[in-house]
Protein chains: 4
Amino acid sequence: MAEVAELYPAGIHEAIAAGIRSDELTVTTATLDEPEHGLTEERLAQTDVLLWWGHKAHHLVDDAIVERVQARVLEGMGLIVLHSGHMSKIFRKLMGTSCKLKWREAGEKERLWVVNPAHPIAAGIGQYFELEHEETYGEFFDIPEPEELVFASWFAGGELFRSGCTFYRGRGRIFYFRPGHETFPTYYNENVLKVIVNGIKWAAPVQTAELTFGNVKAMEDLG
Amino acid sequence: MAEVAELYPAGIHEAIAAGIRSDELTVTTATLDEPEHGLTEERLAQTDVLLWWGHKAHHLVDDAIVERVQARVLEGMGLIVLHSGHMSKIFRKLMGTSCKLKWREAGEKERLWVVNPAHPIAAGIGQYFELEHEETYGEFFDIPEPEELVFASWFAGGELFRSGCTFYRGRGRIFYFRPGHETFPTYYNENVLKVIVNGIKWAAPVQTAELTFGNVKAMEDLG
Amino acid sequence: MAEVAELYPAGIHEAIAAGIRSDELTVTTATLDEPEHGLTEERLAQTDVLLWWGHKAHHLVDDAIVERVQARVLEGMGLIVLHSGHMSKIFRKLMGTSCKLKWREAGEKERLWVVNPAHPIAAGIGQYFELEHEETYGEFFDIPEPEELVFASWFAGGELFRSGCTFYRGRGRIFYFRPGHETFPTYYNENVLKVIVNGIKWAAPVQTAELTFGNVKAMEDLG
Amino acid sequence: MAEVAELYPAGIHEAIAAGIRSDELTVTTATLDEPEHGLTEERLAQTDVLLWWGHKAHHLVDDAIVERVQARVLEGMGLIVLHSGHMSKIFRKLMGTSCKLKWREAGEKERLWVVNPAHPIAAGIGQYFELEHEETYGEFFDIPEPEELVFASWFAGGELFRSGCTFYRGRGRIFYFRPGHETFPTYYNENVLKVIVNGIKWAAPVQTAELTFGNVKAMEDLG
């Protein structure tokens, strides 16, 4: 859409990348059109945290790549799922639910409240912050109860939504963050970018032991 | 206040009792003014689930009675804490936090959304329900992350609130339910009463083993 | 195997069915060999709680049937997954993880400890109970952190295992229960049968509102 | 006891301090005998994370100091509670439960299994680690269900125990870690020290917003 192209001339992915790139974070992008969607074995192996934004093309994502990403998350790669990414194959696969929700494009005000002020993902954020115009999402959001609920959103039109949710899967950590409709300048918002950076730091791999599964003849064999 | 007396001529406790009494539930009341606040050892021993509503007189509740109620909850008695009961000594003691929140008396609309539709406490309730006028409560609500979040409230004035929360403590189960300001006819609302009854059924004691603690010389001694 | 046939002459499914059948529960069975594995749309629609035991034939279960069962769970049907059912397609799909674990067939003693004595699934069970000989399962068990951990198992050989785990998915509730290797008389054990019955009662559907998803033009349209 | 004095000639507190002190961590100690137990307002205000070990003298800790520590935790200070500290006034106050458990002094082997391999507190630790001789702790451990269960312990004598547990309270994070009986050289064990350091890093304060509570006349007043 012309509207989106004007807001995000280089694409949403490049806007996010530019907004979070720093001395601390090396950020590159991958898109649907690239071979293997840019998510080759080699590249994923080098990735600490993967951000996922998608909308109308979820069905075009190759199932084999989705399984590859899932395997990497279980191995320890962090995953940040943004906005309409809630319907991506990878998020639904990792949640085990439909991940459906209610929505409305009415440019309503969204106010995100911090409901877990001990969580590092809320660092540097006020008790709440606002986005003047956003797409509305409403409950029930069909996800498993989050491990930690960090943000919940109030919308002027009457809905609320669990908008900052963490999940553990295997050795990997996942953060779902709601805002980011393509027709609003959400990814230029300082608070939104701060939360994404916090999420990346929180989800970064930790050096826990490699996991082994299967037959253990005796405890001693585990070493 | 005259306003409250007109709404609840026999007191809030009697209004709730009348609203939930049925062939299924035997309901009696106890008040601050009674000896031991009506919560003698004998009476608590016979109580399956205790509902707690309090507001301005929390500090008048005897610490010894609070400890007695806590002990009974750990032993298996259910506890339903209503509205301003969030600042009661017993709730704060069982939570370990300040249980503070933000509030405003502005008669705003409250819309309670079901965010865990698998939970028995939400049985018979729509995807959401409304209270035309209520006191507003806002986050951060200083409680431990609930075991299960069943309801979250949207308020017309801009706040949201985790308004239906469950907690496990020892052999006991606790349900906090937000609505119920004394100047509104909340406890005559059919949905509110239904949720309270659901909460009572959910929190009723289950026949799990009595707990033992302390020195166990050898596993065999546990019997 | 002759050993299994001797222990469970009518099959494990019939042994479990016989062990839990009562005036309270109507129990029927379905097996892999039946058309649609006995899990037709009609039959699932009439099922309140489905028990799943499987072992070597997980890969023979039709993906379409797995998706049908998942949809029914999200709609509200309870699901009890037993022992080696941890590697079933349906459990892995609902968890979003590999569901792998460590195991050993050594007939070791298993002692199951109640770690949530407020939970109805532990009703009628002592502080722990024992199975003289069972297959050993060991951590890490690759599941999402359970909503509630009811039992944890100690094994004589040195392992422990989160052996009674609950999960919420959509309107449905899931209980994973570890014991039940085919070479041991586990499904004749009174405590095991009691826990399974408790699990069924806990996971039974509750009459919460049907969920709607998608575009909501305005709050008023939700009715 | 002579035995303890020989193992920990400068006291357990100094052994732990020496074991975790590094360029990264500035570590000082405070003891029961100091004025205000060494926990003055000034000192607590400068403390990022407080470690608590106590055993027979819990009742000698001043209630006013306990309330001061609780307030600091809610404000954001991290708290690591070690071993018999489970019965400390501060831990019980923050949990809201009795915090009782079963125990046996038999010098049994303890094997600590990682049950959440995505958690930073398990960094650098194998899939499990062992302590050749430790005091045995057994379930039921009367705490609220932990926010995250990181370690669970297997004991040779037949017990298991949730031995690495996290909790959020206000802006503060709490980690309970089981090992550390005074008659064993546990606090010289490399893995134990590593977990304590990981716990400290995990519980360190994050710069979230200061919390406000009470009457909010209108959203705009929140600023």
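In this tour, two residues are in contact when they have heavy atoms within 4.5 Å of each other. The structure on your screen is a predicted model, in which local features need pLDDT of at least 70 and side-chain atom pairs count only at pLDDT 80 or more, while totals for chains, interfaces and linings use all residues. Residues are numbered from 1 along each chain as its sequence is written, chains are lettered from A and ligands numbered from 1 in the order in which they are written, and side-chain values use heavy atoms, with hydrogens and water left out.

**First stop: chains A and D**

Select chains A and D together. Of the interface residues of chain D, 100% are also interface residues in chain A, so the copies meet through the same surface. When copies are superposed by least squares on the C-alpha atoms of residues with pLDDT of at least 70 in both, chain D can be laid on chain A with an RMSD of 0.0 Å, by a turn of 180° and a shift of 0.0 Å along the axis. The two copies are therefore related as by a two-fold rotation axis. To find a landmark for this axis, select D:Glu147, whose C-alpha is the one in chain D nearest the axis, at 3.9 Å from it.

**Second stop: helix 2 of chain A**

Helices (H or I, at least four residues) and strands (E, at least two) are DSSP runs, numbered from the N terminus. A residue is called buried under 20% relative accessible area, exposed over 50%, and partly exposed in between, using a 1.4 Å probe and protein chains only. Now select residues 12–20 of chain A, which make up helix 2, and pick out A:Ile12, A:Ala15, A:Ile16, A:Ala17 and A:Ile20, which are buried. What do the buried residues of this helix pack against? Show strand 1 (49–52), strand 2 (78–82) and helix 6 (190–203) of chain A, for these are the elements that they pack against.

Move to C:Glu108, which has its place in strand 3 (residues 102–114) of chain C and is buried, with a relative accessible area of 13%. Its side chain is joined to that of C:Arg104 by a polar contact of 3.0 Å, a term that stands for a pair of N or O atoms within 3.5 Å, where within protein one must be able to donate a hydrogen and the other to accept it, and residues adjacent in sequence count only if both atoms are side-chain atoms. Beyond its neighbours within four places in sequence, C:Glu108 has contacts that include C:Leu131, C:His133 and C:Phe155.

**Last stop: aromatic rings**

Rings of Phe, Tyr and Trp (its six-membered ring) pair if their centres lie within 6.5 Å, and planes under 30 degrees apart count as stacked, over 60 as edge-to-face and the rest as tilted. Over all chains, 50 aromatic pairs are found. Select A:Phe141 and A:Tyr176, whose ring centres are 5.4 Å apart with planes at 55°, so this pair is tilted. A:Phe141 lies in the loop between strand 4 (128–138) and strand 5 (148–155) of chain A, whereas A:Tyr176 is in strand 7 (residues 172–177), 35 residues apart.
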